[in-house]
There are 2 protein chains.
Amino acid sequence: MSAGVRDAAAGLACPRPVSGYAHIVLGHGGGGRLTQRLVDDVFARAFANPALAPLHDGAVLRVGAGRIAISTDTFVVTPRWFPGGDLGSLAVHGTVNDLAMCGARPIALTAGFVLEEGLALDELERLVDSMAAAARDAGVPVVTGDTKVVDRGRGDGVFVNTTGVGVVPDGITIAPARAAPGDVVLVSGTLGDHGIAVLSVRDGMGFESAVRSDSAALHGMVGALLAALGGDVHVLRDPTRGGAASALNEIARSAAAGVAIDEASLPVAAPVQAACELLGLDPLYVANEGKLLAFVPAARADEALAVLRAHPLGRAAARIGHVVADHPGRVVLRSRIGGRRIVDLLSGEQLPRIC
Amino acid sequence: MSAGVRDAAAGLACPRPVSGYAHIVLGHGGGGRLTQRLVDDVFARAFANPALAPLHDGAVLRVGAGRIAISTDTFVVTPRWFPGGDLGSLAVHGTVNDLAMCGARPIALTAGFVLEEGLALDELERLVDSMAAAARDAGVPVVTGDTKVVDRGRGDGVFVNTTGVGVVPDGITIAPARAAPGDVVLVSGTLGDHGIAVLSVRDGMGFESAVRSDSAALHGMVGALLAALGGDVHVLRDPTRGGAASALNEIARSAAAGVAIDEASLPVAAPVQAACELLGLDPLYVANEGKLLAFVPAARADEALAVLRAHPLGRAAARIGHVVADHPGRVVLRSRIGGRRIVDLLSGEQLPRIC
């Protein structure tokens, strides 16, 4: 650990208090430290089992001679319609991507709706049509579903759970714990587009912006990467809620390794950067819905970057850092002016209901 | 078709209007005709694909050399704690049972939570503990999950989606369309316990009752039935929301066959019957969460009944009717006094948020 990192760590060594909550607060859903504590203290403790242990985007199970991946996600984004996407298409992309991040080829989705009394049927139809179109485009059918209705004032229009199943090819093991010193960290494109697009149209917060959500299904790009690098792809993660900072922290923690990031290398579109400055946000913490982080051995990083850049969704892919043996469990950023700071999990929530 | 049935059909031939809704109403979640119309007109139309077509409790997909079943369900029951169960255990039993009704051996569950800001963490922990205990008792691990938080007044404490995956044994094909004239209809026990137990403690409706929910995991009993009868089990269905009447209607419609039921043979516990009379409910339409309907060939009905009765959850199993070539798509009940009436889907909802 360098002196600079040690200083940075010392300066932030005292985490803000997160215990002592008696009730759920919005921060428990923010993807930061409160979410992690809730998962650790309530869910992981109660449901402890070998498949759950990796705390990845999904679980991988052996079925017969093969392996399947399962992932679940509930979508509560507000507003439901935003530049570049909507709740329906997002619900497809989000779960398809979680399966892809397990290295799986998605084969089926389920859809569970919680509808609030009073929702316009016309809007429901448009959301379902968007969802169906996204599923068709991704080539992943919605095979079964469920609909519940709750009384007016006990829901918020529509919540959608999508759960997906995929098949993991032989020889592929993608897991956050596989991040190893020497691995290079790649990102498939610009950061923060989804979060800024949603905020730009949010009640009480709307602002002029040309930013569109990056919401997209990434399994095609992952397929190309796995075809080229096979078992040399160590970790994949889509940095959604909590942004790249939270995803990298979770990986560093799972692997008990350090992650070093170069600020100058982070791809951020100019309008996203401008909006972040206006709102006091760090793009590293802003949600993405069509980007992935990939950890690959240094010897294959150029090849992996070329594969990503050759895909329509990866044209702005970049090398943003690497895994180190120092500061295990920590993400450290080298700033443009050469200083270092710890990129921590946020204590509470930055952007509620962003997905 | 007998004259009696023809008369009954004529008397009820004019369904109440269900089209023309511009907004979601509670009845869209009631499990009756409005739910069916919503599924047909909005979801099935948009998501049309071969796996979705059977409109069963779950979907069966080929994976490698085998088949898996997938089922999803969101639980919004109110209140969350009721005699004989709670939202957490119900969320496990409900999805385990949907898989079992596909003939599948459940292997994994996912859990997606929508938490409302302000929910007591203590209650969340108790619900999650109950869920975990139910999963352990059923031998089906929760392998991955998701948590979202919505603002106060935009949810209702906790909603839980559980989605399950199971393995379908070779030689087993359970599907509503397999109901065939000559099949005997069995039920594994008394009807209406769950719905009455929940209503007995519902705000503004509570009444004195000794009824406990029948909430239970049925895959063990299904396993015993399949071990004995194998491919001769044609249809399995757990009559949850909308009760046995709705389940039988869906099966009759899928199979384009008639179902004839004997009122005198329906097992209903005395306190449930009493509560139904008090509330003006028909136990045939009241939800169950630990019962199944089984359709088997007449030649094997006695054997199937013996298997059900030998299981702790099936002691009150009974033969309640049979499949006929007459009145295809219709369920007809022969009353205690010998008359016949059509058992139709309810137009709207009878018991909102019962599961």
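In this predicted model, B:Asp122 and B:Arg126 both belong to helix H4 (residues 121-138) of chain B, where they stand four residues apart, about one turn of the helix; helices here are DSSP runs of H or I with at least four residues, strands are runs of E with at least two, and both are numbered from the N terminus. An α-helix has 3.6 residues a turn, so residues three or four places apart point the same way. The side chains of B:Asp122 and B:Arg126 meet in a salt bridge, at 3.6 Å from N to O, the term being used for a side-chain nitrogen of Lys or Arg within 4 Å of a carboxyl oxygen of Asp or Glu. B:Asp122 is partly exposed, with a relative accessible area of 48%, and B:Arg126 also counts as partly exposed, at 41%; on this scale buried means under 20% relative accessible area, exposed over 50%, and partly exposed in between (1.4 Å probe, protein chains only).

A search of the whole structure finds 46 salt bridges over all chains, and twelve salt bridges are counted between chain A and chain B. In one of these, B:Arg154 pairs with A:Asp156, with the closest N and O atoms 3.2 Å apart. A:Asp146 forms a salt bridge with B:Arg241, where the closest N and O atoms are 3.7 Å apart. Because A:Asp146 lies in strand E6 of chain A and B:Arg241 in the loop between strand E9 (235-237) and helix H7 (243-255) of chain B, this pair joins two chains. A:Asp146 counts as buried at 9% relative accessibility, and B:Arg241 counts as buried at 17%.

The side chains of B:Asp73 and A:Lys148 meet in a salt bridge as well, at 2.8 Å from N to O. This pair too joins two chains, because B:Asp73 lies in strand E2 (residues 66-75) of chain B and A:Lys148 in strand E6 of chain A. Both B:Asp73 and A:Lys148 are buried. A network of salt bridges links A:Asp73, A:Arg241, B:Asp146 and B:Lys148.

How many residues of each chain are in contact across the boundary between chain A and chain B? There are 76 residues of chain A in contact with 76 residues of chain B, contact meaning heavy atoms within 4.5 Å. Between them the two chains bury about 6200 Å², 68% of it on carbon and sulfur atoms; this is the accessible area (1.4 Å probe) that two parts lose on being put together, summed over both.

Turning to helix H6 (residues 219-229) of chain A, its buried residues are A:Met221, A:Val222, A:Leu225, A:Leu226 and A:Leu229. Seen down the axis of H6(A), these buried residues fall within an arc of 135 degrees, so they line one face of the helix, the arc being taken over the directions from the helix axis to the C-beta atoms. What covers the buried residues of H6(A) includes helix H3 (87-100), strand E9 (235-237), strand E11 (293-297) and helix H9 (301-310) of chain A. Just after H6(A), A:Gly230 takes a positive phi of about 55 degrees.

Residues are numbered from 1 along each chain as its sequence is written, and chains are lettered from A, and ligands numbered from 1, in the order in which they are written. Local features need pLDDT of at least 70 and side-chain atom pairs count only at pLDDT 80 or more, while totals for chains, interfaces and linings use all residues, and side-chain values use heavy atoms, with hydrogens and water left out.
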